[in-house]
Amino acid sequence: MTRPLSSVERSIKGRIGWLREEERKAIESRGETGRMEFWLRVTRTEIAREVKFGRDDVITAFTLVCRLFKLVLEKRQAGDPRLFDHLMQYADTVLKQHGPRN
């Protein structure tokens with residue numbers, strides 16, 4: 001027999017469910033562009049929350065991620081897709097290992 005979920009666990013489960021449902025709606029309405037816009041909005045909200053609590057290094061971290069992504073796109077446009085492929089593999093691995101639990 002399993003124990004009942006704590007209020008924190010119920011909250012996390014509800015948040016994960018909400019994120020999945022909103023992502024699904026975004027995809028239905030605007031496809032992959034909708035998914036991207038949804039995650040940008042969620043990320044911007046999280047960044048604002050982090051800054052509010054005095055963790056300003058989140059801005060530097062997000063800036064570095066954006067610069068990395070821009071570099072990867074430039075390399076791919078120049079005919080070298082290796083960095084793009086590596087970044088996609090790494091992102092997929094990290095999200096599978098550390099993403100939201102069911």
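W18, F38 and W39 form one aromatic cluster in this predicted model. Rings of Phe, Tyr and Trp (its six-membered ring) are taken as paired if their centres lie within 6.5 Å; planes under 30 degrees apart are stacked, over 60 edge-to-face, and the rest tilted. The search of the whole structure returns two aromatic pairs. In one of them, the ring centres of W18 and F38 are 6.2 Å apart and the planes meet at 55°, so this pair is tilted. F38 also pairs with W39, edge-to-face, at 5.0 Å centre to centre and 70° between the planes.

Buried residues have under 20% relative accessible area, exposed residues over 50%, and partly exposed residues fall in between (1.4 Å probe, protein chains only). F38 has a relative accessible area of 4% and is therefore buried. W18 is partly exposed, at 41%. W39 is partly exposed as well, at 33%.

A further ring contact involves a charge. R76 lies over the face of F84, 3.9 Å from the ring centre. The criterion for such a contact is NZ of Lys or CZ of Arg within 6 Å of the ring centre and within 35 degrees of the ring normal.

Residues are numbered from 1 along each chain as its sequence is written, and side-chain values use heavy atoms, with hydrogens and water left out. Because the model is predicted, local features need pLDDT of at least 70 and side-chain atom pairs count only at pLDDT 80 or more, whereas totals for chains, interfaces and linings use all residues.

The chain has three helices and zero strands. Its elements run α-α-α from the N terminus on. The radius of gyration is 17 Å, well over the 13 Å that the globule rule gives for 102 residues, so the chain is more spread out than a compact globule. This radius is taken over C-alpha atoms, and the rule is 2.2 Å times the number of residues to the power 0.38. Along the principal axes, the C-alpha atoms fill a box of roughly 55 × 35 × 30 Å. Of the 102 residues in the chain, 12% are buried. Helices (H or I, at least four residues) and strands (E, at least two) are DSSP runs, numbered from the N terminus.

The largest pocket holds about 1,400 Å³ of space. Its lining comprises 26 residues. W39, T43, V65, A91 and L95 lie nearest the centre of the pocket. Helix 1 (7-52), helix 2 (57-77) and helix 3 (82-98) each supply at least two lining residues. Helix 1 gives the most, with ten. By class, the lining divides into 17 nonpolar, three polar and six charged residues. Ala, Val, Leu, Ile, Met, Phe, Trp, Tyr, Cys and Pro count as nonpolar, Asp, Glu, Lys and Arg as charged, and the others, Gly among them, as polar. A pocket is an open set of points on a 1 Å grid over the protein atoms alone, where a 1.4 Å probe fits, with protein on both sides within 12 Å along at least five of seven lines; lining residues have an atom within 4 Å of a point. The volume is the space filled by probe spheres set on the points.

Several single residues were also examined. M36 lies in helix 1. M36 is partly exposed, with a relative accessible area of 47%. K25 is eleven residues from M36 in sequence and 12 Å from M36 in space, C-alpha to C-alpha.

Helix 2 contains V58. At a relative accessible area of 19%, V58 is buried. V58 and E46 are twelve residues apart in sequence, and their C-alpha atoms are 9.4 Å apart. F62 is also placed in helix 2. F62 is partly exposed, with a relative accessible area of 32%. Between F62 and Q97 there are 35 residues in sequence and 21 Å in space, C-alpha to C-alpha.

F53 lies in the loop between helix 1 and helix 2. Its relative accessibility is 53%, so F53 counts as exposed. F53 and Q89 are 36 residues apart along the chain, with 32 Å between their C-alpha atoms.
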